[in-house]
Amino acid sequence: MLSSTRPMRRPVARTLQATAGVAAVALALTACGGGSDEGAAEEDGPITLKVATFNDFGYTDEMLAEYTKEHPNVTVEHVKAATTDDARSNMTTKLAAGGEGLADIEAIEVDWLPELSQYPNLFTDLADPELDGRWVDWKVQQATTPDGKVIGYGTDIGPEAICYRSDLFEEAGLPTDREEVAELLGGEDATWEDYFEVGKDFVKESDAAWYDSAAGTFQGMINQLPAAFEDPETGEPTDLATNTDVKDIYDEITASSGDLSAGLEQWGDDWVAGFQADAFATMLCPAWMTGPIEQNSGGIEGWDIADVFPGGGGNWGGSFLTVPASGEHTEAAKELAAWLTAPEQQTKAFETSGTFPSQIEAQESEAVQSFTNEFFNDAPVGQIFSTRAQSIEGAPYKGAHYFAIRDEVTNALNRVDLTKSQSPEEAWDEAVEKAAALG
């Protein structure tokens, strides 16, 4: 999900509708064979490789032309879906047809992996000893199936900071300098309690809300749980009724959302309009969120980024490139996927679109370390998100039940925060009941 100029990338909270029946689809395909490519080396004749992405991965025409220059027999065709919903729907529908019509390389969001990893035969194994050490370890682990197959090469990650409106802070009598704001929110020892307490001080002096969305804030908080909804040992869902870790987060958010939340649904029209209406002063801010903020805030000055995140490190989002096994040129596609996710290309993608690289060499490059974002008051975003990335201890466990259970809790938060149709207790009880009915 993931840019200083990129269009909006949606988190996948609302993409499940497109995947109804994905398990049945994949099971029906377990006997499907792979593609006909016998290796990239003998691909001497002209071939076309399709790369399917969504929103903005930073893959410019100039970048793809570089690959063609190095591989004169290869034409790269870039197909870009408007949203993750569209991309996921297209992918699962074509998987149901045996993979016919899928691109040679299909981009996926990290949160699709729990389901897709159950059916590794649908994807080319991308494991390559020559690429060992290219990515941060936890990024590789996310795309590695239980039997050791690597089904995706990592593109970006989503280390989280706090984006804030310095002009609204100033009007409310709060510090505006990004270092001072980081300390205001607790610095290295920042907690969610700190974040909400400062928000209470802010709203006393401002007409703006403190943050945009209860559900969005919830996502940042549960990303810090090692295993929010399932038992990593068995993969079985944790009983939501007794899931105190999630309930404590839910209670902390709902206790403050009435005073602090703008009550907006992320990616909805009202949320987009809220940037122009001074509706909120802060946002949880993974690296890729800088693009949507800039896009939606055209003409608004005052956005900045504080190198701080409550509760320690956090990662929200990030994507991968996969090579469907049904493709005709799987080895050539694997080679292109490796090139697109090499440090050099990911550095360029970061400079173009703000997608923070998952490659260690790219993160440490001078180009990334020295990169600033003019829209965010010339914030040293390369350094900030590098620091935030270093605070991420690993990837939380997300199994096959993650989406469905999380959506029930998110829906409960929306009934409290958006529609205000239920009390926090009523909304939680309904979430528990619906989660139990999922089986």
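These legends walk through several close-up views of a predicted model.

In this model, local features need pLDDT of at least 70 and side-chain atom pairs count only at pLDDT 80 or more, while totals for chains, interfaces and linings use all residues. Residues are numbered from 1 along each chain as its sequence is written, and side-chain values use heavy atoms, with hydrogens and water left out.

View 1. Helices (H or I, at least four residues) and strands (E, at least two) are DSSP runs, numbered from the N terminus. Of the 439 residues, 57% count as buried; buried means under 20% relative accessible area, exposed over 50%, and partly exposed in between (1.4 Å probe, protein chains only). The accessible surface comes to about 17600 Å², and 46% of that belongs to carbon and sulfur atoms. Accessible areas come from the Shrake-Rupley method with a 1.4 Å probe, and for residues only the protein chains shown count as cover.

**View 2. Strands E1 and E2 run in parallel.** E1 (residues 47-54) pairs with E2 (residues 74-81) over 8 bridges, where pairing requires that DSSP finds at least two bridges between two strands. Look for Ile47, which stands opposite Val74 in E2. From E1 the chain crosses through helix H2 (residues 61-70) to E2, a right-handed β-α-β crossover. Right-handed here describes a path from the first strand over the helix to the second that runs clockwise, with the strands pointing away from the viewer. In the loop between E1 and H2 sits Asn55, a residue other than glycine with a positive phi near 55 degrees. Asn55 has a relative accessible area of 5%, so it is buried.

**View 3. A disulfide joins Cys163 to Cys285.** The S to S distance is 2.1 Å, and a search of the whole structure finds 1 disulfide (a pair of cysteine sulfur atoms within 2.5 Å). Cys163 belongs to strand E4 (residues 153-165) and Cys285 to strand E6 (residues 280-286), so this pair links distant parts of the chain, 122 residues apart. The torsion about the S-S bond is about -50 degrees, so the disulfide is left-handed. Both Cys163 and Cys285 are buried.

**View 4. Aromatic rings gather into a cluster.** Ring pairs link Tyr164, Phe169, Trp192, Tyr195, Phe196, Phe202, Trp210, Tyr211 and Phe309. Rings of Phe, Tyr and Trp (its six-membered ring) pair if their centres lie within 6.5 Å; planes under 30 degrees apart count as stacked, over 60 as edge-to-face and the rest as tilted. The whole structure holds 29 aromatic pairs. One of them, Phe169 with Phe202, is tilted, at 6.0 Å centre to centre and 40 degrees between the planes. Phe169 lies in helix H6 (residues 166-171) and Phe202 in helix H8 (residues 192-204), so the pair ties together parts that are 33 residues apart in sequence. Phe169 is buried at 0% relative accessibility, and Phe202 is buried at 0% too. The rings of Trp192 and Phe309 have centres 5.5 Å apart and planes at 85 degrees, so that pair is edge-to-face.

**View 5. Lysine charges sit over aromatic rings.** The charged end of Lys139 is 4.0 Å from the centre of the Phe320 ring, while Lys247 lies over the face of Trp428 at 5.6 Å from the ring centre. A charge sits over a ring if NZ of Lys or CZ of Arg is within 6 Å of the ring centre and within 35 degrees of the ring normal.
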